[in-house]
Amino acid sequence: VEGALSTQQLTATQRVYLFGGTEAHMLPNPLRPGEDTMVVIPIVNAIVSTHEPPNKIGVKSVMMVEERVEDGARLKLAWVPYVDNLADQVERMGRHARVFVYTCELREAALKRLSDEAKRVYEYGNLFVQKEEDIGRDDYDTVVSVCEKVGGKQLVFDFDWELDELEEFSEEMLKSQEMD
């Protein structure tokens, strides 16, 4: 990262975002041939982007059926400027910072008091990143709930504008409600 910054391989608007964590892997045990051992390997993800990555983590473990996405702000996680020594602190702070680290700002005493389930969020969390073209896009629910009085009858129904065909849906609705 320092090399890319010093040789100006990054544009003026690009920033580097670092996220550290661990991944568990089953590896052959060198002391017991034929047996595998669970090894926790430290990892560092580096993202070069003009946009700050979302403050979200995906939580997934073998004990969970589905991955869930957690809000980083709620977990006291934040992107903070990287400071390698105190002398550089003033220069790298604020809008001039080029490297950011995803940091937990929850106090150590509070971390110790967390329940086992709450700790799993931190233990099994990994940065949740969207593709750059998806940033700013909202995922909309395609189902519209309708409650309308038509011809003296109260109609209540759901219409999925992505899956339902309007003409077909309308004809079926009219038939089911015995309307012409």
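A nonpolar core is a set of buried Ala, Val, Leu, Ile, Met, Phe, Trp, Tyr and Cys residues joined through side-chain atoms within 4.5 Å. Buried means under 20% relative accessible area, exposed over 50%, and partly exposed in between (1.4 Å probe, protein chains only). This is a predicted model, where local features need pLDDT of at least 70, side-chain atom pairs count only at pLDDT 80 or more, and totals for chains, interfaces and linings use all residues. Numbering starts from 1 along each chain as its sequence is written, and side-chain values use heavy atoms, leaving out hydrogens and water.

The largest nonpolar core has 13 residues, and Ile57, Trp79, Tyr102 and Leu127 have the most contacts inside it. Two or more residues come from each of β1 (15–28), β3 (56–59), β5 (77–81) and β6 (99–104); strands here are DSSP runs (E, at least two residues), numbered from the N terminus. A second, separate core has five residues, including Leu155, Phe159, Phe169 and Met173.

Now for the charges. The structure has four salt bridges, each a side-chain nitrogen of Lys or Arg within 4 Å of a carboxyl oxygen of Asp or Glu. Among them are these:

| Pair | N to O distance |
|---|---|
| Glu35 and Arg32 | 3.9 Å |
| Glu70 and Arg68 | 2.6 Å |
| Glu108 and Lys112 | 3.6 Å |

Glu70 is buried at 11% relative accessible area, while Arg68 is partly exposed at 31%. Glu108 and Lys112 are both exposed.

Definitions and conventions. Helices (H or I, at least four residues) and strands (E, at least two) are DSSP runs, numbered from the N terminus.
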